[in-house]
Amino acid sequence: MIGPAAWRAVDDGLAIAVRVTPRGGRDALAAGTPEHFAARLAAAPVDGAANAGLVALVAKTFGVPKRAVTIISGDTARLKRLHIAGDSTTLAEIASALYGPRA
């Protein structure tokens, strides 16, 4: 199954693109555009708090430990690329479910 550019299966898991909105009130990860997920974080972008919050949110959403989630680019940018280690098929199914059924 081929998903939008927001995620792609890799040999050892899933690579995802996320647009982060810090100080967004509450933590939530949802479908964004076809190019990226949208993450709202309560944490401010100070001293890595927003990045730590994003890692925890993605880990919880995908049902993996925090150590399985790595920010691979965009450390200080709103648009980030992350790697989630695990079974790529299972992780892709979770990503697809976040986007809901396509018409």
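User: Which residues touch the most other members in the largest nonpolar core?
Analyst: This is a predicted model, to be clear from the start. The largest nonpolar core has 27 residues, and those touching the most other members are Trp-7, Ile-16, Val-18, Phe-37, Val-58 and Phe-62.

User: Which elements each supply at least two residues of that core?
Analyst: On the strand side, strand 2 (13–21), strand 4, strand 5 (69–73) and strand 6 (79–85) each do. Helix 1 (49–62) and helix 2 (88–99) do too. Helix 1 gives the most, with seven residues. As background, nonpolar side chains in soluble globular proteins tend to be buried together.

User: Ok, what does Val-58 touch?
Analyst: Leaving out residues up to four places away in sequence, Val-58 touches Ile-16, Leu-29, Val-69, Leu-82 and Ile-84.

User: Let's stay on helix 1. How many residues does it have, and what distance does it reach?
Analyst: Helix 1 has 14 residues and reaches 20 Å from its first C-alpha to its last. That's close to the 20 Å expected at 1.5 Å a residue.

User: Which of its residues are buried?
Analyst: In helix 1 the buried ones are Ala-50, Asn-51, Gly-53, Leu-54, Val-55, Leu-57, Val-58, Ala-59 and Phe-62.

User: And what covers the buried residues of helix 1?
Analyst: The cover includes strand 2, strand 3 (28–33), strand 4, strand 5, strand 6 and helix 2.

User: Why does Ala-59 count as buried?
Analyst: Ala-59 has 2% relative accessibility, so it counts as buried, the cut-off being under 20%. This helix 1 residue touches Val-64, Pro-65, Lys-66 and Val-69, not counting residues up to four places away in sequence.

User: How far is the C-alpha of Ala-59 from that of Ile-84?
Analyst: The two C-alpha atoms are separated by 8.0 Å, while the residues are 25 apart along the chain.

User: Which residues other than glycine have a positive phi, for instance?
Analyst: Arg-23 is one, with phi near 55°. Asp-47 is another, and its phi is also near 55°. For context, most residues other than glycine have a negative phi.

User: Where are those two found?
Analyst: Arg-23 is in the loop between strand 2 and strand 3, and Asp-47 is in the loop between strand 4 and helix 1.

User: Are they buried or exposed?
Analyst: Arg-23 is exposed because its relative accessible area is 59%, which is over the 50% cut-off. Asp-47 is exposed as well, with a relative accessible area of 81%.

User: Switching to pockets. What's the volume of the largest one?
Analyst: The largest pocket has a volume of about 190 Å³.

User: What lines it?
Analyst: The lining of the largest pocket has 14 residues, and Pro-45, Ala-50, Asn-51, Asp-75 and Lys-80 lie nearest its centre. Helix 1 gives the most to that lining, with three residues.

User: How do the lining residues divide into nonpolar, polar and charged?
Analyst: The lining of the largest pocket has seven nonpolar, three polar and four charged residues.

User: Back to the strands. Where's His-36, and is it buried or exposed?
Analyst: His-36 is in strand 4 (residues 36–40). With 14% relative accessibility, His-36 counts as buried.

User: What does His-36 touch?
Analyst: Skipping residues up to four places away in sequence, His-36 touches Ala-6, Ala-17, Val-18, Arg-19, Leu-79 and Tyr-99.

User: Where does Ala-6 lie, then?
Analyst: Ala-6 is in the segment before strand 1 (7–10). Its relative accessible area is 0%, so Ala-6 is buried. Beyond four places away in sequence, Ala-6 touches Ala-15, Ile-16, Ala-17, Thr-33, Pro-34, Glu-35, His-36, Phe-37 and Tyr-99. The C-alpha atoms of Ala-6 and Arg-81 are separated by 9.3 Å, with the residues 75 apart along the chain.

User: Last one: what about Gly-32, and which residues does it touch?
Analyst: Gly-32 lies in strand 3 and is partly exposed, with a relative accessible area of 36%. Not counting residues up to four places away in sequence, Gly-32 touches Phe-37, Ala-38 and Tyr-99. Gly-32 and Leu-98 are 9.5 Å apart, C-alpha to C-alpha, and 66 residues apart in sequence.

Definitions and conventions
Residues are numbered from 1 along each chain as its sequence is written. This is a predicted model: local features need pLDDT of at least 70, side-chain atom pairs count only at pLDDT 80 or more; totals for chains, interfaces and linings use all residues. Side-chain values use heavy atoms; hydrogens and water are left out. Helices (H or I, at least four residues) and strands (E, at least two) are DSSP runs, numbered from the N terminus. Buried means under 20% relative accessible area, exposed over 50%, partly exposed in between (1.4 Å probe, protein chains only). Contact means heavy atoms within 4.5 Å. A nonpolar core is a set of buried Ala, Val, Leu, Ile, Met, Phe, Trp, Tyr and Cys residues joined through side-chain atoms within 4.5 Å. The expected span of a helix is 1.5 Å times one less than its number of residues. On a 1 Å grid over the protein atoms alone, a cavity is a set of points where a 1.4 Å probe fits but cannot get out, and a pocket is an open set with protein on both sides within 12 Å along at least five of seven lines; lining residues have an atom within 4 Å of a point. Grid points are joined across faces, edges and corners, and a volume is the space filled by probe spheres set on the points. Ala, Val, Leu, Ile, Met, Phe, Trp, Tyr, Cys and Pro count as nonpolar, Asp, Glu, Lys and Arg as charged, and the others, Gly among them, as polar.
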